[in-house]
Amino acid sequence: MTTEIALRPFAAAPRAPYPAHLVEQTGLADGTPVTIRPIRAGDLPLERAFVVRLSPHTRYQRLLSGRKLLPGELRRLTDIDYARELALIALARHQGRDHMLGVARYVREDSAEQASCDFAIVIADRWQGRGLGEVLLRRLLRAARADGIGVVGGITLSTNAAMIALARKLGFRAVREPGNASVTELRWQAGDLPPERILHS
Ligand SMILES: CC(C)(COP(=O)(O)OP(=O)(O)OC[C@H]1O[C@@H](n2cnc3c(N)ncnc32)[C@H](O)[C@@H]1OP(=O)(O)O)[C@@H](O)C(=O)NCCC(=O)NCCS
């Protein structure tokens, strides 16, 4: 769940179709209607507007560094190959326009031994702590499981209490990285998810 996701080159294989079955209208516990859907190449302006508004703290937690995403990386994050990656975005409608509130993504890292992926998630600052991270990550895990992925993994800063608590809530194991206590490894063995709170729809 780091910059490697942003830096991976374009895959040469033919593109899989848009996973339209993952489009969903839902809502947060406070009643805010939210659309969740896989990202598409045309979302570049939405993604750019989302990223530039992230606070330095949130950006640091997401990238594990203070750097900014380059234009090519933003394109790479929106124009994805659905055969091996997925990015679910959350949108809210305000004054006739869609606004991106958050994104959760995975990239497959299959090996000869197991089907696995690396995940990342970031929620816009003013939308954090309102249940959206859980809504997005649940749906990402369900999609990964349905795609035959057995293990979802990632790393986060050991000081990132929110990410570690969210991950544990959804059944991840969180273990300090050997030799680098500032980083915590998160690992979800595909299985059942705890029941979801009833959401507005
Ligand atoms: C980490 C992050 C994804 C969590 O998403 P969120 O929308 O803020 O979290 P939610 O409101 O969905 O909370 C879900 C659960 O996470 C935990 N949680 C969320 N915020 C928390 C906080 N500040 N402290 C402790 N636990 C917290 C709780 O278990 C919560 O469940 P509860 O409401 O039943 O107690 C979000 O805060 C974020 O984008 N942070 C910056 C980027 C980042 O850290 N990304 C992680 C990649 S390294």
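What follows is a chat about a predicted model, going through a few of its helices, strands and single residues.

Colleague: Before we start, what kind of model is this?

Modeller: A predicted one, so keep that in mind throughout.

Colleague: Okay, let's go with H6. Which residues of helix H6 are buried?

Modeller: H6 covers residues 161-169, and in it Met 163, Leu 166 and Ala 167 are buried.

Colleague: How are those three placed around the axis of H6?

Modeller: They span an arc of only 100° around the axis, which puts them on the same side of H6. The background is that an α-helix has 3.6 residues a turn, so residues three or four places apart point the same way.

Colleague: And which residues are exposed on the other side of H6?

Modeller: That side has Ala 161, Ala 165 and Arg 168, which are exposed.

Colleague: What covers the buried residues of H6?

Modeller: The cover includes helix H5 (132-146) along with strands S6 (151-157), S7 (173-177) and S8 (180-189).

Colleague: Which glycine follows H6, and what's its phi?

Modeller: Gly 171 comes after H6, with a positive phi near 100°.

Colleague: Speaking of phi, what about Leu 64?

Modeller: Leu 64 has a positive phi too, near 60°, and Leu 64 is not a glycine. For context, most residues other than glycine have a negative phi.

Colleague: Where is Leu 64 found?

Modeller: In the loop between helix H3 (56-63) and helix H4 (71-78). Leu 64 counts as partly exposed because it has 17 C-beta neighbours inside 10 Å.

Colleague: Why does Gln 95 count as exposed?

Modeller: Because Gln 95 has 5 C-beta neighbours inside 10 Å, and 12 or fewer is what makes a residue exposed.

Colleague: New topic, helix packing. At what angle do H2 and H4 pack?

Modeller: Helix H2 (residues 44-53) packs with H4 at an angle of about 120°, and their axes are 9 Å apart. That makes the two helices oblique to each other, and H2 passes H4 in a right-handed crossing.

Colleague: Which residues make the contact?

Modeller: From H2 you have Leu 44, Glu 47, Arg 48 and Val 51, and from H4 there are Leu 74, Arg 75, Leu 77 and Thr 78. Sorted by class, the contact of H2 with H4 has 4 nonpolar, 1 polar and 3 charged residues.

Colleague: On to the strands. Where is Cys 117, and is it buried or exposed?

Modeller: Cys 117 is in strand S5 (residues 116-123). Cys 117 is buried, as 23 other C-beta atoms lie within 10 Å.

Colleague: What does Cys 117 touch, leaving out residues up to four places away in sequence?

Modeller: With those left out, Cys 117 touches Tyr 106, Val 107, Arg 108, Glu 109, Ala 144, Ile 149 and Val 152. Tyr 106 is 11 residues from Cys 117 in sequence, and their C-alpha atoms are 6.0 Å apart.

Colleague: And Arg 37, where's that, and what does it touch?

Modeller: Arg 37 is in strand S2 (residues 33-38). Not counting residues up to four places away in sequence, Arg 37 touches Leu 22, Val 23 and Ile 89. Arg 37 is partly exposed, with 19 other C-beta atoms within 10 Å.

Colleague: What about Pro 33?

Modeller: Pro 33 lies in strand S2. Pro 33 counts as partly exposed, with 13 C-beta neighbours inside 10 Å, and touches Gln 25 and Gly 27, residues up to four places away in sequence not being counted.

Colleague: Last one. Where's Gly 154, and is it buried or exposed?

Modeller: Gly 154 is in strand S6, and Gly 154 is buried, with 21 other C-beta atoms within 10 Å.

Colleague: How far is Gly 154 from Arg 37?

Modeller: Their C-alpha atoms are separated by 22 Å, and the two residues are 117 residues apart along the chain. Gly 154 and Asp 110 are 44 residues apart in sequence, with a C-alpha to C-alpha distance of 14 Å.

Technical notes: Residues are numbered from 1 along each chain as its sequence is written. This is a predicted model: local features need pLDDT of at least 70, side-chain atom pairs count only at pLDDT 80 or more; totals for chains, interfaces and linings use all residues. A residue is buried if 20 or more other C-beta atoms lie within 10 Å of its own, exposed if 12 or fewer, and partly exposed in between; C-beta atoms are placed from the backbone. Helices (H or I, at least four residues) and strands (E, at least two) are DSSP runs, numbered from the N terminus. The arc is that of the directions from the helix axis to the C-beta atoms. Two residues are in contact if their C-beta atoms, placed from the backbone, lie within 7 Å. Axes are lines fitted to C-alpha atoms, for helices over the stretch in contact, and angles run from 0 to 180 degrees between N-to-C directions. Angles under 35 degrees count as roughly parallel, over 145 as roughly antiparallel, 65 to 115 as roughly perpendicular and the rest as oblique. A crossing is left-handed if the near helix is turned anticlockwise from the far one by less than a right angle, and right-handed if clockwise. Ala, Val, Leu, Ile, Met, Phe, Trp, Tyr, Cys and Pro count as nonpolar, Asp, Glu, Lys and Arg as charged, and the others, Gly among them, as polar.
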